[in-house]
Amino acid sequence: MPEMFNPAGSAAEYIRDLFILVIAICFVIFVAVGGALVYFIVRFRDHNGSDNTEPPQIYGSKPIEVAWTLAPALTVFVLALVVVRSVFDLRGQEPTANDQRVRVVGHQWWWEFEYPEHGVITANEMVIPASDEELDRKVFLQLESADVIHSFWMPKLAGKTDLVPGRTNHMWIEANMVSPYFGRCAEYCGTQHANMLLRVDAVSQKEFDAWIAAQKEPAREVASAKPGKERFMALACANCHTIRGTRANGKFGPDLTHLMSRKTIAAGMVENNRANLVRWVEDPDEIKLGCRMPDMRLSEADVKQIVDYLALLIRLQLWKAENTLI
Ligand code: CUA
């Protein structure tokens with residue numbers, strides 16, 4: 001069963017119901033037209049090829065012409081009405097202080113998630129508070145693009161919304177706690193469009209607060225990783241990536257402050273573990289052909305030191321023990 005038929009939030013439910021309504025109307029039309037077609041073929045067929053008389057010739061019929069003009073016009077009108085109404089319904093209200101805001105920025109080919117109230121930035125894996133009837137708390141997404149048009153799509157949570165350069169779009173999502181949910185970019189945006197995956201974890205308010213608190217911390221400093229940190233800063237890595245608490249403050253690539261709290265690298269392509277980090281730093285194209293992370297042509301020793309440093313970038317207690325992949 002496609003995921004959109006199994007919604008986990010109110011927006012996705014709304015879209016599913018709309019989809020079923022539209023399909024039902026189309027199905028009735030299909031049965032009526034197809035049925036009439038089959039009926040006429042059978043009813044008026046020439047049994048043995050002997051009937052060569054000309055059938056009666058009919059020229060125009062006002063009632064029938066009016067009927068076949070009005071019926072489709074009315075159908076299209078009804079469909080347009082329900083669809084337009086849903087566009088406005090799904091747009092929703094302005095967020096209140098109660099709602100969680102997340103700024104989503106589409107990049108070729110990864111997602112940036114910023115929690116503006118908390119000063120937290122992460123990539124490709126969004127953590128949100130699950131819907132809670134009592135709190136009536138929803139998640140308000142502010143969608144932007146850093147380069148070309150992308151589209152944010154979580155089939156179980158809501159419909160697609162484009163991320164357009166120079167414009168800010170909005171959408172609401174809501175999720176119950178049976179996460180994770182998986183989504184993807186739904187607008188062709190270049191070579192690796194198909195591998196621009198994202199993940200949403202909906203957790204309890206308590207877990208969410210703990211996650212935010214851990215994410216807010218600066219990067220971990222570990223004495224044994226100092227050589228790797230120095231190489232990271234000396235080579236061009238620091239120009240593209242931010243690691244809070246260090247002088248690395250590049251904005252072009254994903255924020256790596258708590259890199260190891262994420263389950264995958266390269267926007268969902270491979271598991272985030274030491275072996276894959278080595279592959280990624282050594283030659284990103286091997287994992288994600290055409291990606292924007294350059295091959296730095298590092299020596300084996302540099303790769304090892306940098307990965308030694310990266311593999312420690314996690315605050316402990318990042319909300320779930322299984323999340324720790326070191
Ligand atoms: Cu981003 Cu397709």
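1. A definition to start with: two strands count as paired if DSSP finds at least two bridges between them. Strand E9 (residues 181-185) and strand E10 (residues 197-203) meet that cut-off, since they are joined in the antiparallel sense over four bridges. Within this pair, Arg184 has Leu197 of E10 standing opposite. Please keep in mind, as you look around, that this is a predicted model.

2. E9 and E10 belong to an open sheet of five strands, whose order is E4-E10-E9-E6-E7 with mixed pairing. At its edges you will find strand E4 (125-129) and strand E7 (161-163); each has a single partner strand, so one side of each lacks a neighbour in the sheet. On average, neighbouring strands here are turned by 25° against each other, direction ignored. As a reminder, strands of a sheet pair through backbone hydrogen bonds, either parallel or antiparallel.

3. There is another open sheet to look at, with five strands in the order E3-E2-E1-E5-E8 and, once again, mixed pairing. Strand E3 (120-123) and strand E8 (169-173) are the edge strands, each pairing on one side only. From one strand to the next, the twist averages 25°.

4. The E2-E3 end of that sheet deserves a moment of your time. Strand E2 (residues 110-115) pairs with E3 in the antiparallel sense, over four bridges, and Phe113 has Thr122 in E3 as its bridge partner. The two strands form a hairpin with four residues between them. In the turn sits Gly119, with a positive phi of about 65°.

5. Which strands does helix H3 lie across? Helix H3 (residues 205-216) lies across strand E1 (100-107), E2 and E3, and runs at about 95° to E3. H3 also lies across E4 and E10, running at about 135° to E4. The helix therefore has contacts, meaning heavy atoms within 4.5 Å, with strands of both sheets: E1, E2 and E3 in one, E4 and E10 in the other.

6. Finally, do have a look at the surface of the model. Leu37, Val38, Ile41 and Val42 form a nonpolar patch there, and together they have about 380 Å² of accessible area. Val42 is found in helix H1 (residues 10-43).

Methods. Residues are numbered from 1 along each chain as its sequence is written. This is a predicted model: local features need pLDDT of at least 70, side-chain atom pairs count only at pLDDT 80 or more; totals for chains, interfaces and linings use all residues. Side-chain values use heavy atoms; hydrogens and water are left out. Patches are made of residues with over 30% relative accessible area and no salt bridge: like charges are joined within 9 Å, nonpolar side chains (Val, Leu, Ile, Met, Phe, Trp, Tyr) within 5 Å. Accessible areas come from the Shrake-Rupley method with a 1.4 Å probe; for residues, only the protein chains shown count as cover. A salt bridge is a side-chain nitrogen of Lys or Arg within 4 Å of a carboxyl oxygen of Asp or Glu. Axes are lines fitted to C-alpha atoms, for helices over the stretch in contact, and angles run from 0 to 180 degrees between N-to-C directions.
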